[in-house]
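Here are some notes for a colleague who is reading this structure for the first time. Please keep the sequence and the 3D view open beside them.

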Amino acid sequence: MASAFGARLRRLREAKGLTLQQVADAVGCTKAYIWELEMRDGQRPTAERIQGIARVLGVTMGDVMGEPMEDAPQATPEDVSFFREYAGMTDEEKDRYRQALKIMFPDKG
């Protein structure tokens with residue numbers, strides 16, 4: 001049975017569109033290890049491993065560990081609608097959209 005940590009890790013990995021093998025290769029471990037983190041309760045990865053996974057997924061260690069995000073902005077219904085539209089775009093459309101945002105808001109990184 002997956003723990004909250006495992007479910008969160010899987011959700012983050014799938015949101016990034018990565019396979020178990022891709023994450024394992026990038027982090028330097030086995031596909032079975034990532035699977036166990038996602039599916040078995042009681043897994044205790046090292047801080048170094050969590051940092052590597054967070055880097056690969058493009059999130060913070062806190063995101064991986066599920067730390068409270070008191071300062072994080074809350075999504076409005078418009079935000080959720082926007083994200084659904086974005087999630088439905090092709091990879092090429094997403095890339096063009098991100099490029100357009102960089103042009104429109106260069107100070108946002």
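Which elements each supply at least two residues of the lining of the largest pocket?

1. The model is a predicted one, and the question above is answered by three helices: α1 (4-16), α6 and α7 (91-104) each give at least two residues to the lining of the largest pocket. That pocket holds about 510 Å³ of space, and its lining includes L12, K16, F83, Y86, D91 and R98. Sorted by class, the lining comprises 7 nonpolar, 1 polar and 4 charged residues.

2. The second largest pocket, with a volume of about 200 Å³, is lined by F82, F83, Y86, Y97, R98 and L101. Here α6 and α7 are the elements that contribute two or more residues, and the lining divides into 5 nonpolar residues, no polar residue and 1 charged residue.

3. Across the whole structure there are 3 aromatic pairs. One of them joins F82 and Y86, whose ring centres are 6.4 Å apart and whose planes meet at 20°, so this pair is stacked. Because F82 and Y86 are 4 residues apart in helix α6 (residues 77-87), about one helical turn separates them. F82 is partly exposed, at 39% relative accessible area, whereas Y86 counts as buried at 17%. Together with Y97, these two residues, F82 and Y86, form one aromatic cluster.

4. An aromatic ring is also involved in a contact with a charge: the charged end of R49 sits over the ring of Y33, at 5.3 Å from the ring centre.

5. Side chains of opposite charge can pair when their charged atoms come close. In this model the count is 5 salt bridges, and one of them links R40 with E36, with the closest N and O atoms 3.5 Å apart.

6. R13 forms a salt bridge with E14, where the closest N and O atoms are 4.0 Å apart, and another with E38, at 2.5 Å from N to O. Since E38 lies in helix α3 (residues 31-39) and R13 in helix α1, the pair ties together parts that are 25 residues apart in sequence. R13 is buried at 8% relative accessibility and E38 is buried at 2%, while E14 is partly exposed at 45%.

How values were computed:
Residues numbered from 1 in each chain as written. Predicted model: local features only at pLDDT ≥ 70, side-chain atom pairs only at ≥ 80, totals over all residues. Heavy atoms only, no water. Phe/Tyr/Trp six-rings, centres within 6.5 Å; stacked < 30°, edge-to-face > 60°. Buried < 20%, exposed > 50% of the residue type's maximum accessible area, 1.4 Å probe, protein only. Lys NZ or Arg CZ within 6 Å of the ring centre and 35° of its normal. 1 Å grid on protein atoms, 1.4 Å probe; cavity = no way out; pocket = protein on both sides within 12 Å on 5 of 7 lines; lining within 4 Å. Points joined across faces, edges and corners; volume = space filled by probe spheres on them. Nonpolar A, V, L, I, M, F, W, Y, C, P; charged D, E, K, R; others polar. Salt bridge = Lys/Arg side-chain N within 4 Å of Asp/Glu carboxyl O.
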